[in-house]
Amino acid sequence: MLVRPTSNLATEGVCDLAPFLSHLFSQSLQQGIVPAASKSAYIHPLLKKPSLDSADVKNYRPISNLKVISKLLERLVTSQLMAYLSDNKLLPDHQSAYHVFCSTETVIARVLSDILTALDSRDIAALALLDLSAAFDTVDHSILLLRLQRSFGLNGSALARFTSYLCQRQQHVSLCHIVASTQQ
């Protein structure tokens, strides 16, 4: 028989942590500084398929794990940035990502509709696809920060926060219980 506790420990924990997290996040947002502990990730390589050769590093997918507090701060910053971009109409109309009620399905439906419309009008339709799954790994951080400033109007603590987020990141790779660390 399952006995339920008289008090909800999870709720009590949230009530104890909320003021601390609120203060930490407020300070981070105001000062434009991401705490060093929030910029440290543990990478766990997972084999893509059990049938693949485990000795070949190309057969692994790196899974990056951040601390829960880091993810909460990221979500807070994301929601503020998205509100700013949306309020100032800085997101392209045809961009599906980060738009409410838009998804990969809506993009596919739009592309299919455009192709069918072109074919019905006896026009030529062509589709070029580009895999950007690792795009963030190839972005030049200085160009990104310059673009956030010039194209999107970010400045002050908001721009400093992104600069802080991108600088001095640490990665710890765990493979067979051996951890190797790198700093970006």
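## Overall architecture

The chain holds six helices and four strands, where helices (H or I, at least four residues) and strands (E, at least two) are DSSP runs numbered from the N terminus. The model is predicted: local features need pLDDT of at least 70, side-chain atom pairs count only at pLDDT 80 or more, and totals for chains, interfaces and linings use all residues. Residues are numbered from 1 along each chain as its sequence is written, and side-chain values use heavy atoms, with hydrogens and water left out.

**Burial and contacts**

- Of the 184 residues in the protein chain, 17% are buried; buried means under 20% relative accessible area, exposed over 50%, and partly exposed in between (1.4 Å probe, protein chains only).
- Among contacts (heavy atoms within 4.5 Å) between residues at least 6 apart in sequence, 47% join residues at least 24 apart.

**Nonpolar core**

- Twelve residues form the largest nonpolar core: Leu21, Phe25, Leu29, Val34, Leu73, Val77, Leu145, Leu148, Leu154, Leu159, Phe162 and Leu166.
- Such a core is a set of buried Ala, Val, Leu, Ile, Met, Phe, Trp, Tyr and Cys residues joined through side-chain atoms within 4.5 Å.
- Leaving aside residues up to four places away in sequence, valine 77 touches Leu29, Arg161 and Phe162.

**Helix H6 and what follows**

- In H6, the buried residues are Leu159, Arg161, Phe162, Ser164 and Leu166.
- After H6 comes glutamine 168, which has a positive phi near 55°.

**Helix H3**

- Helix H3 covers residues 104-120, which is 17 residues, and spans 24 Å from its first C-alpha to its last.
- This span is close to the 24 Å expected at 1.5 Å a residue, the expected span being 1.5 Å times one less than the number of residues.
- Arginine 122, which follows H3, has a positive phi near 65°.

**Salt bridges**

- The structure has two salt bridges, each defined as a side-chain nitrogen of Lys or Arg within 4 Å of a carboxyl oxygen of Asp or Glu.
- One joins the side chains of lysine 71 and glutamate 74, at 3.3 Å from N to O.
- Lysine 71 and glutamate 74 are three residues apart in helix H2, and are therefore separated by about one helical turn.
- Lysine 71 is partly exposed, with a relative accessible area of 38%.
- Arginine 110 pairs with aspartate 114 in a salt bridge whose closest N and O atoms are 3.2 Å apart.
- Arginine 110 and aspartate 114 lie four residues apart in helix H3, about one turn of the helix.
- Both partners are partly exposed, arginine 110 at 44% relative accessibility and aspartate 114 at 39%.
- An α-helix has 3.6 residues a turn, so residues three or four places apart point the same way.

**Histidine 172**

- Histidine 172 belongs to strand E3 (residues 170-175) and is buried, with a relative accessible area of 12%.
- The side chains of histidine 172 and serine 40 are joined by a polar contact of 2.9 Å.
- A polar contact is a pair of N or O atoms within 3.5 Å; within protein, one must be able to donate a hydrogen and the other to accept it, and residues adjacent in sequence count only if both atoms are side-chain atoms.

**Cysteines**

- The structure holds zero disulfides, a disulfide being a pair of cysteine sulfur atoms within 2.5 Å.
- Cysteine 15 is exposed, with a relative accessible area of 51%, whereas cysteine 167 is partly exposed at 36%.
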